[in-house]
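Hi there,

Here is the structure I promised to pass on to you. Please have a look at it first, and then read on for what turned up.

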Amino acid sequence: MAVAGRGGRGGGSGSVIRTIMSYPIFVSLILCFLFLAALKLLIISPYSSSSDPEMAMTGNAYIHRSFLALKSDPLKTRFDLIHKQARDHMMLVNAYASYARKLKLDNSRQLKMYDELAQNFTDMLSKPAYRAALFETEGSVDEDTLRQFEKEVKDKVKTARAMISEAKESYDNQLKIQKLKDTIFAVHEQFLKAKKNGAMASYISAKSVPKSLHCLAMRLVGERIANPDKYKDEEPRPEFEDPTLYHYAISSENVIAVSVVVNSLVKNAKEPWKHVFHVVTDRKIVAAMKVWFKMRPAGGGAHVEVKAVEDFTFLKPSYVPVLRQLESAKSQTHDSENQAENAAKDLNSLKFTISKGLSMLSHVHFYLPEMYPDLHRIVLLDDDVVVQKDLTDLWNVDLDGKVNGAVETCFGSFHRYSKYLNFTHPLIKENFNPKACAWAYGMNIFDLDAWRREKCTEQYHYWQNLNEDGCLWQLGTLPAGLATFYSKTKSLDKSWHVLGLGYNPSVSMDDITNAAVIHFSGSMKPWLDIAMNQYKELWTKYVDNDMELLRMCNFGL
């Protein structure tokens, strides 16, 4: 038993040794030994080895420098940062000086200041006191010298930054570009504002009734009131309905303008007695217009009929979209209770009315077949045209079954349908070609029989009803005509009708001389003070200056 007990104790001792030498403990001991060996190598490595370029690339060198950094002088680190700041600003000043030389600013004040400042930086870094106490010392950095050096560096850096900030705009391309963009934007805004103001002033000048015209109308009405028997309305003449004569339609409120159209055509007609003028005006002006042509009848036996729009009784809101839209616009204005809202609506309504040319007088020519049911053809003349040649040959032009004969105005990409109609609207996009050539009102010949056959007035009603909110077009009556007479217009030779004398100072005089009809289209009408002088005489020579009422109203023609 005793032997057995000793054997048991000996077996326990061997078990302890085996436990100590087990695998995990053995690995831990080996790792501790390796760590202590590595630490010893790092501590006893010579300092001079850090200057070895090969050693600088090793992981040991990096760790070694990290340990040294813990023991480094904080004043030395501070000096390094100040020194780097000084050198960076010196390089920046030299860069701006170099750029100034490229811009050929050698004699400029800025270049001299840059050179002086760069030299000051160089002189400061080369001072013997700083070199000895800061740059070349192997011991600790002198704190007083460092403080003086830091103060001097900060002063020069402050000066450098101030100079660079002042001159940066002159040298920084991005700033130059941005400033140029800002300038362009500001000028563009001013241009748009001036353009808008100019357009409004031009519109007011063009649409306002000159004092002389108002005076003439008043005196003509006064003449009728003073002599009622002399100016009684006569029975319609048979010539007004004779389809064998040449008939012209003119709609206007301007007495003197209509008289010029009539005089110019009659004076250049070979057979003036065959020409009949149908003048349609507003009921406020119809009396004055009748008195004028009573006092100054058309020469050569030509015939003039004057009527008010209201004389055509079929032109009622229930039939005419424009009259219905005008009534709707008025009711919207009157029903508004809020004055501010009402003012805004009035302004928008005014703009919309102006842009659409929303007046019955400007749309009356869409009803010519119903206004003159006995006629087969009629020529539409605007009140701002002058006829320079006999128009008899116009009546012999073959329209090839088309409804409208007109001079086209397109050239290149200009004055196409896309300019007048809104092709973002699906109906417009579906029914019209944006590249189709537009034409002009002012002198148009209409085949009234073809008009009736093609039901053009119904087409006009269709498009005008759809455009009540201005979604299809917004400019004048021409877009309505382009939509109504699309594919129904015959192009006439350009010599029949030359446009632009009311806005284009560069119209060729050869074109004007060869034209049968010249048109003062635009805002600078010949009876206004803003008319272009080079064209004005073409109109004034047909003014009846012998009319005593014109002299009484001080027409400056």
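A quick definition before the aromatic part: two rings of Phe, Tyr or Trp (for Trp, the six-membered ring) count as a pair if their centres lie within 6.5 Å. Please also keep in mind that this is a predicted model.

With that cut-off, a search of the whole structure gives 21 aromatic pairs. One of them joins Trp-451 and Phe-485: the ring centres are 5.1 Å apart and the planes stand at 75°, so this pair is edge-to-face. It links distant parts of the chain, as Trp-451 sits in helix α18 (residues 448-454) and Phe-485 in the loop between α20 (478-484) and β8 (489-491), 34 residues apart.

By residue type, the lining of the second largest pocket divides into eleven charged and ten nonpolar residues, with no polar ones.

Helix α6 (residues 128-135) has two distinct sides. Its buried residues are Tyr-130, Ala-133, Leu-134 and Phe-135. These cover an arc of only 155° around the axis, which means that they lie on the same side of α6. Pro-128 and Ala-132, on the other side of α6, are exposed.

Finally, there is an open sheet of three strands, in the order β5-β10-β9 and with mixed pairing. Its edges are β5 (385-387) and β9 (497-498); each has a single partner strand, so one side of each is left without a neighbour in the sheet. The pairing of β5 with strand β10 (residues 517-519) is antiparallel and runs over three bridges. If you want a spot to start from when viewing it, Val-385 has His-519 in β10 as its bridge partner.

Best wishes

Technical notes
Residues are numbered from 1 along each chain as its sequence is written. This is a predicted model: local features need pLDDT of at least 70, side-chain atom pairs count only at pLDDT 80 or more; totals for chains, interfaces and linings use all residues. Side-chain values use heavy atoms; hydrogens and water are left out. Ala, Val, Leu, Ile, Met, Phe, Trp, Tyr, Cys and Pro count as nonpolar, Asp, Glu, Lys and Arg as charged, and the others, Gly among them, as polar. Rings of Phe, Tyr and Trp (its six-membered ring) pair if their centres lie within 6.5 Å; planes under 30 degrees apart count as stacked, over 60 as edge-to-face and the rest as tilted. Helices (H or I, at least four residues) and strands (E, at least two) are DSSP runs, numbered from the N terminus. Buried means under 20% relative accessible area, exposed over 50%, partly exposed in between (1.4 Å probe, protein chains only). The arc is that of the directions from the helix axis to the C-beta atoms. Two strands pair if DSSP finds at least two bridges between them.
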